[in-house]
Amino acid sequence: MTTIITDGKSIAADSLSLMGSEPVAYLNRRKLLVRNRKVYAMSGVAGMREALAAWIDAGADPKEAPPTQTDNGGWGLIVASPGEVIYVTNTCLYPGLMKPPFSIGSGQAYALGALAAGASPRAAIAIAAQFDVNSGGEIQVIDLETLVETIYAPDGVGVISQKPQALLMEAAE
């Protein structure tokens with residue numbers, strides 16, 4: 001349960017995670033991961049993100065996909081870079097090219113509506129979190145061109161931290 005949205009220029013995600021029906025705050029895992037100058041955004045089984053990123057980087061052969069559970073609602077993965085948004089799910093292991101704006105997760109309709117009304121991806125996540133009980137917490141935004149990551153307070157206004165892409169790339173390696 002999450003909300004992730006991209007307008008093709010940046011990508012934003014909430015930080016609320018659930019383990020079963022319990023909210024959890026991962027200290028070492030945000031929903032957006034920078035790797036090989038791409039942003040990997042995971043909805044669903046968060047622990048699959050790194051394995052799926054490696055699978056995508058290796059060519060995304062459906063026969064070589066990491067094993068996954070399907071009884072927990074599945075997963076969706078956005079791979080975003082400037083000018084390209086790819087989406088793959090556990091029910092369709094063939095990556096598809098999507099046209100921005102694009103959103104996934106339980107709050108996707110709220111986020112897309114907010115973006116269509118003129119909100120930024122960051123503000124769209126904050127708005128979606130007001131209406132979707134499965135979205136919330138700090139908001140992570142990554143600029144797809146510069147790969148600068150900014151973490152905002154849950155209201156989408158106050159900046160908590162900002163990291164240039166070099167630090168994000170080091171953390172991913």
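Mentor: Terms first: helices (H or I, at least four residues) and strands (E, at least two) are DSSP runs, numbered from the N terminus. This is a predicted model: local features need pLDDT of at least 70, side-chain atom pairs count only at pLDDT 80 or more, and totals for chains, interfaces and linings use all residues. Residues are numbered from 1 along each chain as its sequence is written, and side-chain values use heavy atoms, with hydrogens and water left out.
Trainee: Where is Gln-140 found?
Mentor: Gln-140 is in strand β11, residues 139–143.
Trainee: Is Gln-140 buried or exposed?
Mentor: Buried, because its relative accessible area is 2%. Buried means under 20% relative accessible area, exposed over 50%, partly exposed in between (1.4 Å probe, protein chains only).
Trainee: Which side chain does Gln-140 make a polar contact with?
Mentor: That of Glu-149, at 2.6 Å. A polar contact is a pair of N or O atoms within 3.5 Å; within protein, one must be able to donate a hydrogen and the other to accept it, and residues adjacent in sequence count only if both atoms are side-chain atoms.
Trainee: Switching to Thr-89. Which strand is Thr-89 in?
Mentor: Strand β8, residues 84–89. Thr-89 counts as buried because its relative accessibility is 13%.
Trainee: What does the side chain of Thr-89 pair with?
Mentor: The side chain of Thr-91, in a polar contact of 3.0 Å. A polar atom of the Thr-89 side chain also lies 3.1 Å from the backbone nitrogen of Cys-92.
Trainee: And the whole chain: how many helices and strands?
Mentor: 4 helices and 13 strands. Of its 173 residues, 42% count as buried.
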